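I opened the model to look up a few things and wrote them down as I went. The entries follow.

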Amino acid sequence: MKVVMVEPGQYARIEELDTGLESLQKAVGGLIDCAYPWEDMACVVCNDEGLINGMPLNREVPDYGPIAGPFFVCGIEGENFCSLTDEQADKYKKMFLQPELFVPYKDGLIRLAYDNPALEGAPEGLKKTYELRHNLPELCFCALPELNMVMLTKRGQSGYWPIEHIPEGMGAGEYADSLNQILGVSKAQQAAMMCGSMISWAIPAARPDRYDENGKLKPRDQQRGNKER
C-alpha cells in the first residue's frame, strides 16, 4: 500500500509497504499504535512504545502532538489500512517533509524544522539555495564553553536564543556539537553563524568558506583565494 514514511532526522517520502503485521511493525520499529487526528480518511501508524523506549521525537502532528520514533501515514478503508490516494500522499508528504528537532527550552520544548542538503530526499534546488547564501544554514547551535552556555542562532538575525537545559554530564560545546550534527551543520558553518549573529552578516567572517574544518579562520592568503573564486 502507498504510504508517507516519516523517520526522525530524514525527509518524508512516499513508499510502498506490505500490509502484513510484521511489515508494519518493522516500519515503526515495534508494536504499532494508531492515531486519527484528521477528518480525512487517513491515520498515523506509529510505535506504541516510542516514548517509553526513548526513541527520538520525530514530528509534531497537527491537532495531536509530537510522536516519538518512525511513523507512517496511510489510508483507511472500514477497519483496515489502505493506500493513500495520490492527492493524500502529496498532502501528507508536504505536511511532514522537513525533519524536526525538539530541544528543551524554558518550561517546554522548542520545535525546529530544518533543511539539510546532504540528506537523501532533500528538495530539488536546495543545494543551489545554500550556494546562493554562501552555504549558511538556517539554524545553528553555538557555545560559550567558558560560560557553559549554548545559543541557538538563526541566519540573518542578530542575537541568539539561550538554551539553558544542558544534559547532565555534557558541556556546552559537546551539547552544541551534538545538536549541530543532527542539523548537518559543520564547524565552519558554526563559526560563521556565530560571527554573523554577534557582529554582522555583511562581513566576510560571516561566511563558512573563511574557516577550516575545525572552525578556525584560514590564513589570509587562503581567504583571498576563496574571495577571488
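I took buried to be under 20% relative accessible area, exposed over 50% and partly exposed in between, with a 1.4 Å probe and protein chains only. Helices (H or I, at least four residues) and strands (E, at least two) are DSSP runs numbered from the N terminus.

The model is predicted, so I kept in mind that local features need pLDDT of at least 70 and side-chain atom pairs count only at pLDDT 80 or more, while totals for chains, interfaces and linings use all residues. Residues are numbered from 1 along each chain as its sequence is written, and side-chain values use heavy atoms, with hydrogens and water left out.

**Helix 5**

I started with helix 5 (187-198). Nine of its 12 residues are buried, so helix 5 is largely enclosed by the rest of the structure. I noted the buried ones as Ala188, Gln189, Gln190, Ala191, Ala192, Met193, Cys195, Gly196 and Ser197. They pack against helix 3 (126-132), strand 11 (139-144), strand 12 (149-154) and helix 4; contact here means heavy atoms within 4.5 Å.

I then checked the length of helix 5.

**The largest pocket**

Which residues lie nearest the centre of the largest pocket? I found Lys187, Gln190, Ala191, Asn214 and Gly215 there, among 13 lining residues. The volume is about 300 Å³. A pocket is an open set of points on a 1 Å grid over the protein atoms alone, where a 1.4 Å probe fits, with protein on both sides within 12 Å along at least five of seven lines; lining residues have an atom within 4 Å of a point. The volume is the space filled by probe spheres set on the points.

Helix 5 gives the largest share of the lining, five residues. Helix 4 (172-183) also supplies at least two. By class I recorded six nonpolar, four polar and three charged residues in the lining. Gly counts as polar in this scheme, and Lys as charged.

**Aromatic pairs**

I searched the whole structure and got three aromatic pairs. Rings of Phe, Tyr and Trp (its six-membered ring) pair if their centres lie within 6.5 Å; planes under 30 degrees apart are stacked, over 60 edge-to-face and the rest tilted. Trp38 and Tyr92 make a tilted pair, at 4.6 Å centre to centre and 35 degrees between the planes. Trp38 is in the loop between strand 3 (32-35) and strand 4 (42-47) and Tyr92 in helix 2 (residues 86-95), so this pair ties together parts 54 residues apart in sequence. Trp38 is buried at 15% relative accessible area, and Tyr92 is buried at 0%.

Phe71 and Phe96 form an edge-to-face pair, 5.4 Å centre to centre with 85 degrees between the planes. Both Phe71 and Phe96 are buried. I also noted that ring pairs link Trp38, Phe71, Tyr92 and Phe96 into a cluster.

**Two single residues**

Ile182 is in helix 4 and is partly exposed, at 40% relative accessible area. Leaving out residues up to four places away in sequence, Ile182 touches Leu101 and Tyr114.

Arg133 sits in the loop between helix 3 and strand 11. Arg133 is buried, at 13% relative accessibility. Beyond its neighbours within four places in sequence, I listed contacts of Arg133 with Glu138 and Arg155.
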